[in-house]
Amino acid sequence: MDSAEERPLNGVRVVDQAEEKGELCGRLLADLGAEVIRVEPPGGSPSRKLPPFHDGTSLFFAVRNLGEKSVTIDLESAAGRGELERLLAASDVWIDSHLPSHLTAHHLDPHDVLARHPHLVITSITDFGHTGPYRDYAASDAVIVAMAGLLFRSGVTGRPPLLPPGSLAYDIASTTAAFATLSALWQRIATGSGQHLDVSVMEAAAQTSDWALPSYGAASARGTPYMETRTGSAPVYTMYPCADGFVRVIILNKRQWRAMRAWLGEPPEIQADHFDFLLGRMQIQYDILDPMFSAFFKDKGKLELATEAQRRGIPMTPVMSPDDVLAADHFKERGTFRESDAAPGLRARVAEGFFAFNGKRLGFKGRAPAIGEHNRDRIETRAADKPTTAAQSRALPFKGLRVLDFGIGGVGVEASRLFAEYGADVIKIETRAHPDFIRAIFGTDMNPSFASSSRCKRSFGLNLSTEAGRKIIHRLVAISDLVIENSATGAMAKMGVDYATMRAINPRIVLASSQMTGATGAWRSWIGFGPSTRAAGGMTWLWNFPEGGMPPGSGAIHPDHLAGRMLAVGALAGLIGRERMRAGGHMEVVQLEVIVGMLADLMLKAALKPSSVAPQGNNNERGAPWGVFKCAGEERWCVITIRDDDEWRRFRSALGDPAWARDSRYATAAGRLAARDELNAHVNEWTGTRTDREVTRILQEAGVAAGFMMYASEMPADPHLVARGYPQPLEQPALGKTIFEGPAFHATGIAEPLVKPAPGLGEHTREICRTLLEMNDDEVSKLIADGVLEE
């Protein structure tokens, strides 16, 4: 991106003190145009010591701090704290991830800082938030993955639950924190006032646990069982071996199945009509389909198979390693990676980032900084905005915004949900001819997944295949602020609502789009679902045990929820930029590049040293013992992560310093890593006689990062989630009682999110026609009779 003026957050200044948790937040804001100043202690940020490494340089730090500046400030001294105060006075946002006790000890309690700098948006990102019984718990990304409900579906029974690669929970929380920060900045446009945002990594990650809480809530209310077993990729997101690896095949509808059947040569044993449906095929999955598919795929390459399958309209993707991703033509054609300096003295192909705006990439603005590289730079002071209201009361920031939601599945609908629950009038555009498949996937118009993602919205039934329908949508575009869509490439143009058309109608409209593989590149026409992108983006290959083989898989739809939040961040940045640029714009987030971006440090390591990145399973080069350990009881597990020598000593003490732990080989991190298998075996013996909660309590009392694996059925009564208002019971029409996911952050200026039911299809058609389009009842009735409108 050459023109700084085209970045929507140009002119925003951010002070970034996030350490590991939430560290991607500042990078996202920098890519969108903000000036981000990384404040580090004189010896450098602790995250500079986090793996993966290349020649001693932390790639974790590098990719999450691209385009930022670095200044060093000693907060242990009064002079250093005064220097930080002056910087905050000249800034818009302060991001911090330290515990409340640390901030108070350094005279940086967020409420006190806000009193001194009332214009400042203060974003606190901590593992469990600033309140609740777990607020002082020690944690790691792996611990949060377990406690937030992201682990119980991962892997297969008979083996331990499998931790995902990368820093999944912390990067999800970074994205949520970026959305929260921009929401507060949007609110500040009207009020001039800053506020404190309390972002919980646990709740941010829990929001992406595939609607586990509402699904359990609805099942429990009906008295039916809710499946909480690990089934890997089966039976929906199946993988099969082929000549050079593996492919993932996801066949959900009749058209896809008939195309697959024809490709196989129409075998007689799979011709029955009831096999057109997923439940019918599941009856023959293991005995007939798996052997048939495996035999058909075994002599063909993964790219050959995926290319031909996609040509036939079958959602198939290759299971790619990081080296495969770096070599793929699609990513080269799209410019997903850029040859650049990633850190001082470190040059390679680096993942560009997550956003494009008006057809141009919003990639990173420069390499990660050296420690204190910008200490001598003059930070321009400026007068802070003065509050425009005498006393700011908590309010919903998006009240008055109108959003048209063309979302389907789990991406667009999740993005628009965030706007809806924080006050926007979100109108879901839908038709029974081509319904959102998440609405109709179980054969009815309502289910827990759809209800969660479409809460607080209005539904407008409209057939856009008609000329009259297109005229109506153009009238809505003219009075709206934002359009969100994740349809197949080219679908919006076919419906007459491409960006060029909408911009001509309403120059201030912001369009936020998210396609699976993007509008350009060799795979631009490929179709698929969240797990399809995991396979093609390198994540599925890495989400495996060290011995390799076919990855066990996970039933999660990741990255759909995360991509939806990333899309919401981009959309909101576009709206903020509109206030400065006096024009809308087109923001794009490619789902496949969300996967690549979240694995950017591992991709960078593979680029610097090919074949150096491999599956780690539940191990981590950061320390040992580390992983998922069996506890007393059926399928009870906990995660324990020993990150340094001090934590090891506390761990030994918590266990009563057993003889095996006093082995001199375990005195250093290197020694423990070398002996991690035997160490993990000792730990398994200890945890195996204790409950998951008992292990968590004992180790947390010693300050050791450990936590139980949370099931969805345990969320409604979890004391921390309850204390923070996360479980939200609701009566959903056409479904009954369920429990929605609550907020991921609390704020002093932003009101708690709305919790209202999802609409029936076309439920608000007449209301919207009457109040927004000024149609009379006879006119609406005729359009309904003509098949243009639906109710």
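Predicted model: local features only at pLDDT ≥ 70, side-chain atom pairs only at ≥ 80, totals over all residues.
Start with helix α25, residues 591-598, and helix α26, residues 600-608. Their axes come within 4 Å and cross at roughly 70°, so α25 and α26 are roughly perpendicular to each other. On the α25 side the contact uses Val596, Gly597 and Met598, and α26 brings Ala600, Asp601 and Met603. By type, that contact has 4 nonpolar residues, 1 polar and 1 charged.

Which residues touch the most other members of the largest nonpolar core? They are Ile144, Phe355 and Phe419, in a core of 148 residues. Helix α7, residues 168-191, gives the largest share of this core, with 13 residues. Apart from it there is another core, of 26 residues, including Phe406 and Tyr499.

On to the aromatics, where the whole structure holds 23 pairs. Take Tyr134 and Tyr137: their ring centres are 4.8 Å apart with the planes at 15°, so this pair is stacked. Tyr134 is buried at 6% relative accessible area, while Tyr137 is partly exposed at 22%.

For Phe437 and Phe529, the centres sit 5.6 Å apart and the planes at 80°, which makes the pair edge-to-face. Phe437 belongs to helix α17 and Phe529 to the loop between β20 and α22, so the pair ties together parts 92 residues apart in sequence. Phe437 is partly exposed, at 31%, and Phe529 is buried, at 15%.

One last stop: Tyr240, Trp263, Phe293, Phe296 and Phe297 make up one aromatic cluster. Thanks, everyone!

How values were computed. Residues numbered from 1 in each chain as written. Heavy atoms only, no water. Axes fitted to C-alpha atoms, helices over the stretch in contact; angles between N-to-C directions. Helix = DSSP H or I, 4+ residues; strand = E, 2+ residues; numbered from the N terminus. Parallel < 35°, antiparallel > 145°, perpendicular 65-115°, else oblique. Contact = heavy atoms within 4.5 Å. Nonpolar A, V, L, I, M, F, W, Y, C, P; charged D, E, K, R; others polar. Core = buried A, V, L, I, M, F, W, Y, C linked by side-chain atoms within 4.5 Å. Buried < 20%, exposed > 50% of the residue type's maximum accessible area, 1.4 Å probe, protein only. Phe/Tyr/Trp six-rings, centres within 6.5 Å; stacked < 30°, edge-to-face > 60°.
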